[in-house]
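Below is a set of questions and answers on one protein chain, meant to be read alongside its sequence and structure.

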Amino acid sequence: MKKKKNLKKKLFVIGLVIALVTVLSGCGYSTDPITKDSPGFWSHYIVFPLSWVIRWFADAFGGNYAVGIIVVTIIIRLIIMPLMIKQLKSQKEMMKVQPLLKELQGKYASKDNETKQKLQQETMRLYQEHNINPMMGCLPLIIQMPILIGFYQAISRTAEIKTDSFLWMTLGQPDPFYILPIIAAITTFLSSKISMMGQTQQNKTMAMMIYFMPVMILFMGITLPSALALYWIIGNIFTVFQTLLINNPFKAKKLQQAEEAAKAEEARLKKKAEHMKASKRGGKKRK
C-alpha cells in the first residue's frame, strides 16, 4: 500500500513537470508582437508587463536585455520571498517533528484500515499543532509556473529581447553549446539538495525531485530560449543564498545530530544505571 501511495505521488510530480514542458512547448510561438494593445487577459496583464519591465531595465543598463532579465528575475524572487520563507519554516518544523512521526508510525504499525486511518488523523493533528502545511513543498513550484510561461512568451513575442545577443548566444534561441542548460541543471540540483538537507524518510516522498527536476531543466534548457536558462540559473542561485540565510541546513543538521547524540548518551547512562541497580539487587539476594 505504501509503495502504491509513493508511486502515485511520483506519477503526480512527473505529470506536473510534463504538463509544464507541454505548455511551454505549445505556448509563446505566436507571431503577434506583444504590445500594450494586445488582446486577452494573459497577454495584456501578464506577458506585456513582463516584456515592458525587462525592456525598461535593459534600457537602464545600456540596452543589455540579459541584465534586464537578471534584474527582473531577482525582483520576482523578492516578491515571492514571503512564500518561500513559509516553505522553509514549514520544512524546519517538519524536521523537528520527525521523531514524533516515527513514534506514531511505531504505535500504529498495523496494516488494517482502521489503524491506517488513525495514523493519518494523528499525523494531521501533529501537523496542525506545529503549523506545518505538507503542501508548502509544491506550492512555490505551482505559483512559478505561470511566471515562467509569461517569461517565455514575453521573450518570444518581443523582438528586441528575442534577437539580442548575450555572450555566445541569442536570447531567443537555444544555447548552441548547451552551457547555460548544464549550469541551470546543476544549480537546480544544488538548490533542491540544500533545501531538502536534514529531512528524514517521512518527508522524502518528493526526494526523487532532486534528481528528476535537473534532468527536465536540462532537456527544457536545450530546446527552449537561452533566456529561460538564464532565468533558472539566477533564480536557483537566489534560492540557495536565501535558504542558507533563512534556514541554514548545515547548522540545522549539526544541531539535530547533537540532539540525537545527547539523547543516545542519556539512554546509555540510564541503561547503565538500571544495570547497576539490577546487579546490586542480585548481590543482596545472594547474600
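Q: In what order do the elements of the chain run from the N terminus on?
A: The model is a predicted one. The chain has 12 helices and two strands. From the N terminus on, the order is α-α-α-α-α-α-α-α-β-β-α-α-α-α.

Q: What share of the residues in the chain is buried?
A: A residue counts as buried when its relative accessible area is under 20%. The chain has 287 residues, and the buried share of them is 43%.

Q: Which residues does UniProt list under "transmembrane region"?
A: The listing comes from an unreviewed UniProt entry. Such annotations may be inferred rather than shown by experiment.

Q: How far apart are the end C-alpha atoms of residues 65–85?
A: In the model, this span is 95% helix and 0% strand. The end C-alpha atoms of the span are separated by 29 Å.

Q: What distance does helix H10 reach from its first C-alpha to its last?
A: Helix H10 covers residues 209–223, which is 15 residues. At 1.5 Å a residue, 21 Å is expected, and the helix comes close to that. The distance in the model is 21 Å.

Q: Which residues of H10 are buried?
A: The cut-off for buried is under 20% relative accessible area. In H10, the residues that are buried are Met-209, Ile-210, Phe-212, Met-213, Pro-214, Met-216, Ile-217, Met-220 and Gly-221.

Q: How many aromatic pairs does a search of the whole structure find, and what geometry does the pair of Trp-56 and Phe-57 have?
A: The search finds four aromatic pairs. For Trp-56 and Phe-57, the ring centres are 5.0 Å apart and the planes stand at 85 degrees. Planes over 60 degrees apart count as edge-to-face, so the pair of Trp-56 and Phe-57 is edge-to-face.

Q: Which helices does the pair of Phe-151 and Tyr-231 tie together?
A: Phe-151 and Tyr-231 form a tilted aromatic pair, 4.6 Å from centre to centre with 40 degrees between the planes. The two parts that the pair ties together are 80 residues apart in sequence, because Phe-151 lies in residues 139–156 and Tyr-231 in residues 226–246. Those helices are H7 and H11.

Q: Are Phe-151 and Tyr-231 buried or exposed?
A: The relative accessible area of Phe-151 is 0%. For Tyr-231 the value is 2%. Phe-151 and Tyr-231 are therefore buried.

Q: Which residues form the nonpolar patch on the surface?
A: Together, the patch residues have about 500 Å² of accessible area. One of them, Ile-179, is found in helix H9 and is partly exposed, at 35% relative accessibility. The patch is formed by Leu-167, Trp-168, Phe-177, Ile-179 and Ile-183.

Q: What is phi of Leu-167?
A: Leu-167 sits in the loop between strand S1 and strand S2 and is exposed, at 64% relative accessible area. Most residues other than glycine have a negative phi. Leu-167 is not a glycine, yet its phi is positive, near 55 degrees.

Q: Where does Tyr-178 lie?
A: Tyr-178 also has a positive phi, near 60 degrees. Its relative accessible area is 41%, so Tyr-178 is partly exposed. Its place is in the loop between S2 and H9.

Q: What separates the C-alpha atoms of Lys-92 and Ser-195?
A: Lys-92 is in helix H4 and is partly exposed, at 38% relative accessibility. Lys-92 and Ser-195 are 103 residues apart along the chain. Their C-alpha atoms are separated by 9.9 Å.

Methods:
Residues numbered from 1 in each chain as written. Predicted model: local features only at pLDDT ≥ 70, side-chain atom pairs only at ≥ 80, totals over all residues. Heavy atoms only, no water. Patch = residues over 30% accessible without salt bridge, like charges linked within 9 Å, V, L, I, M, F, W, Y side chains within 5 Å. Areas by Shrake-Rupley, 256 points an atom, 1.4 Å probe, with all protein chains shown as cover. Salt bridge = Lys/Arg side-chain N within 4 Å of Asp/Glu carboxyl O. Helix = DSSP H or I, 4+ residues; strand = E, 2+ residues; numbered from the N terminus. Buried < 20%, exposed > 50% of the residue type's maximum accessible area, 1.4 Å probe, protein only. Phe/Tyr/Trp six-rings, centres within 6.5 Å; stacked < 30°, edge-to-face > 60°. Expected span 1.5 Å × (residues − 1).
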